[in-house]
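Please view the sequence and the model before reading the points below.

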Amino acid sequence: MTTADALPRASTTAPLPPGPRLPGPVQSLLFGNFRQTLMPLLRRRYGDVIKLYLYPERNVVQLANLEHIKTVFSGPVTTFHAGEGNVVLKPIMGEHSVLLTDEDVHLRARKLLMPAFHGSALRGYRDMITELAEREVARWPAGRVFSSHARMQALTLEIILRVVFGVAEGPRLDELRRLLTSAVDIGVFDILGWHNEKLRQYGPWKRAARTQERIDVLIYAEIAERRAAPDLGERTDVLSRLLTVPAEDDHLTDAELRDQLVTLLLAGHETTATTLAWCFHELARDPAHHAAALAAADDGDEKYLEAIAKEAMRLHPVISEVARRLTEDIELGGYRIPAGYTVMPSIGMVHGDPAHHAAPQVFRPERFLEDGGPATGTWFPFGGGARRCLGAGFSLLEATIVLQAVLSRYHLAPERRRPERARPRHITMVPGRGARISVRPR
């Protein structure tokens, strides 16, 4: 029996999933601002399959049961459209983005981007990441409190600029760096303007639209200049790779290039920066794991450093769920989920479930080193199935190297003992106060 044959079909008599009856705007605001506490409450009331109505105008069904989630991840990509599920990102990422396309169009984009994030390419980034990380941490102000999240955003942006463009100097990239920093500094209300042309004519939404327009101008200029570069075939950055694909059918238009580059620049630094900030937030408050992390840095124990990053991703998911829009009716958990609905495997609810992770609210990197780590399917910060994030390996490599650079040089201390709460920042969850720490030279 094939996966497609095994896909549960919807009974015409099966009910729709249960969920709150609040107006859509209220549900959207509650979910956008308080999802980390809202969803466990709704799960206790409604079970593992929960229906919501979220902006922009879509019915979504949150999933917390591993078997249901496995069905989604292993199901046919013709039924579970991840690109359509990510429609909230379309105004900023673009219709050609690898995150926004499906089936053959997605496979083409993924095939073109994958060589830059696997195998020898990953090994080739190590020296560059190490150099930039050590340069960054050498500037940290000893004895003064600062936002580790802000510093990690600056560092990971520099790294992804090098990966995408090969260089990070010059007036154009200086301006692009500033504008990209502004583009990711948005909240739930800012997203309203992404899908409302009228709002984009006023106030902060108008400023955001102008920022996006200017980013596009700079990227198109970079594409045009790179097309004419005499050494184009010798370069190994992502833009040059995309401009020199051998097959004529795989040549990308400027609009397609723009969408892939914006996707990499925005998605390729923000999530890793947030993970690293949570790492520092936890280590600074935990003397035992702080000492173990320092020892790992001294010993070059990259497995333990990677486990720190993985545990931060588990305890503080940067993205709280992944999305798939249905092209046909299915049935899960005895409920009918119609075509056009979006199913959302909940990273946050699974990562925080004591049935899958002992003492889930405790920061304990060792859980990733014992007995082969968490059970299959219980840790999925990079999504799953055919749409698992192609930058997963790069992100973990980057986090490991940065942790090594920081912990080899400094002791960490929190600004205050009380943990920071997560807050929403566009589609991500970030430390509410910036993961503020101080450092002391070792």
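A residue is called buried under 20% relative accessible area, exposed over 50% and partly exposed in between, with a 1.4 Å probe and protein chains only. By that rule Thr-272 counts as buried, because its relative accessibility is 3%. This is a predicted model, in which local features need pLDDT of at least 70, side-chain atom pairs count only at pLDDT 80 or more, and totals for chains, interfaces and linings use all residues. Residues are numbered from 1 along each chain as its sequence is written, and side-chain values use heavy atoms, with hydrogens and water left out.

**Helix H13**
- Thr-272 lies in helix H13, residues 254-284; helices (H or I, at least four residues) and strands (E, at least two) are DSSP runs numbered from the N terminus.
- Not counting residues up to four places away in sequence, Thr-272 touches Thr-156, Ser-395, Glu-398 and Ala-399, a contact being heavy atoms within 4.5 Å.

**The sheet**
- An open sheet of 3 strands runs in the order S4-S12-S9 with antiparallel pairing, where two strands pair if DSSP finds at least two bridges between them.
- Strands S4 (146-147) and S9 (410-414) are at the edges with a single partner strand each, so one side of each lacks a neighbour in the sheet.

**Nonpolar cores**
- A nonpolar core is a set of buried Ala, Val, Leu, Ile, Met, Phe, Trp, Tyr and Cys residues joined through side-chain atoms within 4.5 Å.
- The largest core has 89 residues, and Leu-176 and Leu-412 have the most contacts inside it.
- H13 supplies the largest share of this core, 13 residues.
- A second, separate core of 18 residues includes Leu-7, Val-72, Val-322 and Ile-337.
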